[in-house]
Amino acid sequence: MEFRTRVETEALGFEIQPCEEILLVGSCFADEIGRHFRDEGFPTTANPFGTMYNPVSILHTLQRYKGNIPRIVFLTLGTNHVYKLKATGEIVDNCEKRPQSLFQEEKLTVEECCDYLLQSIDLLHQRNAEVQVILTVSPIRYKKYGYHGSQLSKGTLLLACQAVSDKVSYFPAYEIFMDELRDYRFYAADMLHPSEQAVAYIWERLVDCCFSKTAKHYLEEWRPLKQILEHRPFNPESDEYRQLIDKTMSKVAELRKKHPTFAR
C-alpha cells in the first residue's frame with residue numbers, strides 16, 4: 001500500500017558532474033541547498049549579495065555579480081511581492097531598516113515575473129553560452145501575506161516558471177515538499193520553513209534526478225571521509241585518532257587528484 005503521493009521528477013537533459021562549480025541566487029532555500037553543495041565539496045556561490053526573494057531582486061543580483069558564471073545556475077523564487085521606494089518608484093532589494101512608510105508593497109503579475117526571469121536567463125547566456133539554468137520555487141510559506149495570500153504568490157511563480165520552461169529546466173522542490181512531505185514534522189519550529197530533515201530529503205531527490213552516475217559515485221567516495229572529518233573524537237590527541245586522520249587526509253588527497261575542483 002502507498003501512504004503518500006510521490007512527485008515524479010523529469011530528467012533535465014543534462015547532468016551535474018562531480019565538483020562542478022555552482023551558482024545559486026534566490027530565497028533562503030537557495031542558501032540551504034547551497035550549503036549541501038558546499039558540504040559535498042562543490043565550489044559553490046550562494047546569494048553573493050544576500051538573500052533575494054523575488055524575480056526582480058534575482059535579476060539585480062545577476063547584474064551586479066562580476067564573478068564567473070558557471071555551467072550550472074539555480075534560481076530559487078520565493079515570492080512575487082516587491083517593495084518600491086515611493087520617492088523614485090525603484091524596486092529595492094533590501095529596505096535596509098528604513099521606515100516602512102517610505103515603501104509601497106506591490107505584487108508582480110505572472111507576465112511581469114516572466115519578463116524579469118527572461119532578462120535573467122538572457123543575461124546568464126550572454127555571459128556563458130553553455131549555462132544550464134534550473135528554476136525552483138521555494139517551499140517556505142509567508143505568514144505576513146496570510147496563508148491564502150502566500151499560496152497565491154507561489155501560484156504566480158509556478159505559472160511564470162511554466163511560461164519560461166522552454167528556456168530552462170525546472171526542479172519541483174515546492175511540489176515535493178507540499179505533496180510528499182505534507183506533515184508538520186517536516187517544518188522547522190516556526191512552522192513556516194522546511195526542517196533540516198525536509199531539506200535533506202529534497203537534496204536527495206535533487207541528487208537522484210540531476211546528478212550523473214560519476215557524481216553519485218563521487219558522493220559515495222566522499223561520504224565516509226566527510227563523516228570522519230566531522231566527527232568530534234573523545235580523545236583527539238590519541239595516536240589512534242591521529243593515524244585515522246592521517247589515513248583519511250591521504251584519501252582526501254587522492255580524491256582531489258581525481259577531482260581537481262574539489263572544494264573541501
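**Figure 1. Packing of helix H2 against helix H3 in the predicted model.** The axes of helix H2 (residues 55-64) and helix H3 (residues 110-127) come within 9 Å and cross at roughly 20°. This is a predicted model. With the limit for this class set at angles under 35 degrees, H2 and H3 are therefore roughly parallel to each other. Their crossing is left-handed. H2 contributes Pro55, Val56, Ile58, Leu59, Leu62 and Gln63 to the contact, and H3 contributes Cys113, Tyr116, Gln119, Ser120, Leu123, Leu124 and Arg127. By class, 9 residues of this contact are nonpolar, 3 are polar and 1 is charged.

**Figure 2. Packing of helix H5 against helix H6.** Helix H5 (residues 173-180) meets helix H6 (residues 196-210) at an angle of about 125°, and the two axes are 10 Å apart. That angle makes H5 oblique to H6. The crossing of H5 with H6 is right-handed. On the H5 side the contact residues are Ala173, Ile176, Phe177 and Glu180, and on the H6 side they are Ala198, Tyr201, Ile202 and Arg205. The contact comprises 6 nonpolar and 2 charged residues, with no polar ones.

**Figure 3. Packing of helix H1 against helix H6.** Helix H1 (residues 28-39) and H6 pack at an angle of about 65°, with their axes 10 Å apart. H1 passes H6 in a right-handed crossing. Phe29, Glu32, Ile33, His36 and Phe37 of H1 are in contact with Val199, Ala200, Ile202, Trp203 and Leu206 of H6. The residues of this contact divide into 8 nonpolar, 1 polar and 1 charged. Ile202 of H6 is listed here and also in the contact with H5.

**Figure 4. Aromatic cluster and its members.** One aromatic cluster is formed by Phe37, Phe42, Phe74, Trp203, Phe211, Tyr218, Trp222 and Phe262. Phe37 in H1 and Trp203 in H6 also take part in the contact between these two helices. Over the whole structure, a search finds 13 aromatic pairs.

**Figure 5. The pair of tyrosine 53 and tyrosine 142.** Among the 13 aromatic pairs of the structure, the one between tyrosine 53 and tyrosine 142 is edge-to-face, with 6.2 Å from centre to centre and 85° between the planes. Tyrosine 53 lies in the loop between strand S2 (44-46) and H2, and tyrosine 142 in the loop between strand S7 (132-137) and H4, so the pair ties together parts that are 89 residues apart in sequence. Tyrosine 53 is partly exposed, at a relative accessible area of 33%. Tyrosine 142 has a relative accessible area of 11% and is buried.

Figure 6. Serine 150 is located in helix H4 (residues 147-163). Its relative accessibility is 1%, and it counts as buried because the limit for that class is under 20%. Leaving aside residues up to four places away in sequence, serine 150 touches Arg141, Tyr142 and Tyr145. Tyr142 is the partner of tyrosine 53 in the edge-to-face pair. Glutamate 220 lies 70 residues from serine 150 along the chain, and their C-alpha atoms are separated by 38 Å.

**Figure 7. Asparagine 128 in the loop between H3 and S7.** Asparagine 128 is placed in the loop between H3 and S7. This residue is buried, with a relative accessible area of 17%. Not counting residues up to four places away in sequence, asparagine 128 touches Ile69, Pro70 and Arg71. Asparagine 68 is 60 residues from asparagine 128 in sequence, and the C-alpha to C-alpha distance between them is 8.7 Å.

Figure 8. Cysteine 19 is not a glycine, yet it has a positive phi of about 55°. This cysteine is found in the segment before strand S1 (22-26) and is buried, with a relative accessible area of 2%. Asparagine 47, also not a glycine, has a positive phi of about 45°. Asparagine 47 lies in the loop between S2 and H2, the loop that holds tyrosine 53. At 7% relative accessibility, asparagine 47 counts as buried, whereas tyrosine 53 is partly exposed.

How values were computed. Residues are numbered from 1 along each chain as its sequence is written. This is a predicted model: local features need pLDDT of at least 70, side-chain atom pairs count only at pLDDT 80 or more; totals for chains, interfaces and linings use all residues. Side-chain values use heavy atoms; hydrogens and water are left out. Helices (H or I, at least four residues) and strands (E, at least two) are DSSP runs, numbered from the N terminus. Buried means under 20% relative accessible area, exposed over 50%, partly exposed in between (1.4 Å probe, protein chains only). Contact means heavy atoms within 4.5 Å. Axes are lines fitted to C-alpha atoms, for helices over the stretch in contact, and angles run from 0 to 180 degrees between N-to-C directions. Angles under 35 degrees count as roughly parallel, over 145 as roughly antiparallel, 65 to 115 as roughly perpendicular and the rest as oblique. A crossing is left-handed if the near helix is turned anticlockwise from the far one by less than a right angle, and right-handed if clockwise. Ala, Val, Leu, Ile, Met, Phe, Trp, Tyr, Cys and Pro count as nonpolar, Asp, Glu, Lys and Arg as charged, and the others, Gly among them, as polar. Rings of Phe, Tyr and Trp (its six-membered ring) pair if their centres lie within 6.5 Å; planes under 30 degrees apart count as stacked, over 60 as edge-to-face and the rest as tilted.
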